[in-house]
Amino acid sequence: MSSTSVVRPSYAAVLRIPHARRTFAAALLGRLSYGIAPLSVMLAVTRASGSYAVAGIVMALFSGASVFLSPARAALIDRCGPRRALVPMVAAHTLLLGLLAVLVWRPGASPFVLGAAGALAGACTPPLGPTMRAVWGRLAPERALMQRAYSLDAVAEELLFVSGPLLVGVLVGFAPPAVGVLVGAALMVVGTAGFVSSPVVRAVPAGGRAAGPRAGVRRVLRGLGRPVIAAAGVGLALGVVDLLVVAFAEGHGHGGGSAAAWVLAALSAGSAVGGLLNGAVAWRASAGTRLAVQAAGLGLALCGAGLAQGLGTLAVAVAVAGVFVSPLITTAYLIADESAAPVARVQAGAWVNTAVNAGSTAGAAAAGVLVGRLPAGVCFAVTGGVMLLTAVAVARGAERERGTKEGYGSSRTPRVAR
């Protein structure tokens, strides 16, 4: 693997790393389940119960358990190694998804049973994303190459979350939604099996007691303030924008469905383009500086979206905003990986991932309150202002870190010593 340092950093160079394509493809196949299973569960529960309220509660339990227990599951990966921890997680997760599929195949299942099964299935969701990013650190130890690997990973994940719901739409056209739940479970099994059988994953050692829950939280949280704050900010912005776009479309007489979908597709397209550009540039600025600039750029773009007079201009504005989304999340993961102890890299990525999802949940809730009281343009501006405040907080954190390094030297040395 040392040969990667002499290869010109590029996306092609990333995929030429030994075992990279096989490992990455398997992880993506498993992660496709994240875009298929949740939506299928929601549709299946809605059809089986006949109640949107029951479906909403089941999905809240499923998503909440998945998101907020992610760092704990990541700690098991760090402590036991990917193979020993992922296999039982996947077994439990897929069995519970199968149980959900059976329960919702016919109407009449108890809401309490559905809620319990949903919460348990979410609690066992394998953290394939954070684990793959930790493996990228082993595959591409050279900094510039790892930046491109992370950017490629972020863009691919963006595409998965776009294509997953599209596949569900095709499936429910000729089969019950419960089939989508089973397809999601099958993808997770096949993808994870390919992932853990990769030579590079088999070679990842277990962290042992040093990566246990107590040590993991203490050591992982050091240095994660900036990436977690930035990730929570971008998650909140995305959660708000999803609902605001629908409200804007309805307010301009276009309905909330297909018109809003095109605008949100522009956001995803902008994010993919931004991610690819971010990985292709050899940045001279530090990751901390880039993180603050990216957060400020997203904030200004959202403020600009508040000035949009129609769906066309709104689509352009959110596409520009999207250009900053994937780079911001990628940079947050890079800083988290750099700050984490070697035995806690999966946990570090999981905390960033949790921050994005928690921010998105909070953003959706905040948008639901704001939309009924303020015009959509003002809501966009408020969201942009929150991102600008996030940029200020991240910039101040970077200044404090520079002062610490000047006074005490690099943070990496004492962290390993502890």
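View 1. Beyond its neighbours within four places in sequence, L298 is in contact (heavy atoms within 4.5 Å) with V234, A237, A321, F324, V325, L328 and M387. Local features in this predicted model need pLDDT of at least 70, side-chain atom pairs count only at pLDDT 80 or more, and totals for chains, interfaces and linings use all residues. Residues are numbered from 1 along each chain as its sequence is written, and side-chain values use heavy atoms, leaving out hydrogens and water.

**View 2. The largest nonpolar core.** A nonpolar core is a set of buried Ala, Val, Leu, Ile, Met, Phe, Trp, Tyr and Cys residues joined through side-chain atoms within 4.5 Å. Buried means under 20% relative accessible area, with a 1.4 Å probe and protein chains only. The largest such core holds 91 residues. W136, F195, L298 and L314 touch the most other members. Helix α15 (residues 311–339) gives the largest share, 14 residues. Helices are DSSP runs (H or I, at least four residues), numbered from the N terminus. A second, separate core has 21 residues, including A37, V54, A55 and L100.

**View 3. S326 in helix α15.** S326 counts as buried because its relative accessibility is 4%. Leaving out residues up to four places away in sequence, S326 touches A154, V155, S271 and G275.

**View 4. E157 in helix α8.** Helix α8 covers residues 143–171. E157 counts as buried because its relative accessibility is 17%. Residues up to four places away in sequence aside, E157 touches R31 and R133.

Conventions. Buried < 20%, exposed > 50% of the residue type's maximum accessible area, 1.4 Å probe, protein only. Helix = DSSP H or I, 4+ residues; strand = E, 2+ residues; numbered from the N terminus.
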